[in-house]
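Here is a colleague's note for someone opening this structure for the first time. Please keep the sequence and the 3D view at hand while reading.

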Amino acid sequence: MAMLLFLGRLEDRAGAPQQVLALAGPTPLAGVLDRLPAELAAALVAPGVRMARNGTLVSPQGLVIDDGDELAFLPPVSGG
Amino acid sequence: MADVRLELAPFDSGAALAAFGAAHPQAGGIVSFLGQVRLEGEVEALELRHFAPLTLPGMEALAATAEARWLLAGLLVIHRSGLMHPGDPIVLVAAAARHRRDAFAAAEFIMDHLKSDSWFWKRELAAGQWRWIEPRAEDHADIARW
């Protein structure tokens, strides 16, 4: 199982702040996105959206998600 | 060492500022900024969301940058997350220094960066509808000058 977190407006796109995804094994980001509705997947990789795996910012290039990972999608911040 | 806090419940900005002043008697000046939820049109509530692994560490790194750049006797940064209403404090920044210019500059530096590149997402409730607030171009212009 991997946990996907949707911050900010991405929560509305996803319809929930988080989603659990069963993974067969280490899965590239593209494989994770394929499991989601196309419109949501597009919003998650839109310009300005950052990603954090297990609380650490990561580049989407070459990103692989494994069982037990938490992947957060962070849209542009609106500031404090 | 800066005092940096992420508060999930309303905080007493006056008490926090008084305690900060008492803790830094050697500072000749304290500059503070209090941001509060604006009473505006039909806005009934404001909600800030944060991402625990990044938000407070980011605020601490920002405070450390300010402490390295200006000669400060003390630095206080308190930021709310969660549900707020008009008049509620959102952010309190206070910089204590021997000389006032360092305190003014550090407080403004912290505020400009909190407003533009800290890990918060904001939405407001108006006429029964929640609406996410998108980044503003002015906020990015504000940090370009540092």
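1. A word on the kind of model comes before the rest. This is a predicted model, and local features are described where pLDDT is at least 70, whereas totals for chains, interfaces and linings use all residues.

2. Chain A may be taken as a whole to begin with. It has three helices and seven strands, and along the sequence these follow the pattern β-α-β-β-α-α-β-β-β-β. The C-alpha atoms of chain A fill a box of roughly 35 × 25 × 20 Å along the principal axes. Its radius of gyration is 12 Å, which agrees with the value near 12 Å that a compact globule of 80 residues would have. Buried residues account for 22% of the 80 residues in chain A. Of the contacts in chain A between residues at least 6 apart in sequence, 52% join residues at least 24 apart.

3. The two chains touch, with 21 residues of chain B in contact with twelve residues of chain A. On the chain B side, the elements that give two or more residues are α2 (52-69), β6 (89-97), α3 (100-117) and β7 (120-126). Of these, α3(B) gives the most, with four residues. Sorted by class, this side of chain B holds twelve nonpolar, three polar and six charged residues.

4. The largest nonpolar core has 28 residues, and those with the most contacts inside it are Leu76(B), Val77(B), Val93(B), Ala95(B), Ala106(B) and Ile110(B). At least two residues of this core come from each of β1 (3-7), α1 (13-23), α2, β4 (74-80), β6 and α3 of chain B, and β6(B) gives the most, with eight residues. Apart from this core lies another, of 16 residues, which includes Leu7(A) and Leu10(A) as well as Leu54(B) and Phe120(B).

5. Leaving aside neighbours within four places in sequence, Ala95(B) is in contact with Val31(B), Leu72(B), Leu75(B), Ala103(B), Ala106(B) and Ala107(B).

6. The helix α3(B) has 18 residues and reaches 26 Å from its first C-alpha to its last, close to the 26 Å expected at 1.5 Å a residue. Its buried residues include Ala103(B), Ala106(B), Ala107(B), Ile110(B) and Leu114(B), and also Asp102(B) and Lys115(B). An α-helix has 3.6 residues a turn, so residues three or four places apart point the same way. The buried residues of α3(B) pack against β2 (29-36), α2, β4, β6 and α4 (137-144) of chain B.

7. Not counting residues up to four places away in sequence, Phe109(B) touches Ala66(B) and Trp146(B). The C-alpha atoms of Phe109(B) and Leu62(B) are separated by 9.1 Å, although these residues are 47 residues apart along the chain.

Notes
Residues are numbered from 1 along each chain as its sequence is written. Chains are lettered from A and ligands numbered from 1 in the order in which they are written. This is a predicted model: local features need pLDDT of at least 70, side-chain atom pairs count only at pLDDT 80 or more; totals for chains, interfaces and linings use all residues. Two residues are in contact if their C-beta atoms, placed from the backbone, lie within 7 Å. Ala, Val, Leu, Ile, Met, Phe, Trp, Tyr, Cys and Pro count as nonpolar, Asp, Glu, Lys and Arg as charged, and the others, Gly among them, as polar. A nonpolar core is a set of buried Ala, Val, Leu, Ile, Met, Phe, Trp, Tyr and Cys residues joined through C-beta atoms within 7 Å. A residue is buried if 20 or more other C-beta atoms lie within 10 Å of its own, exposed if 12 or fewer, and partly exposed in between; C-beta atoms are placed from the backbone. The expected span of a helix is 1.5 Å times one less than its number of residues. The radius of gyration is taken over C-alpha atoms; the globule rule is 2.2 Å times the number of residues to the power 0.38.
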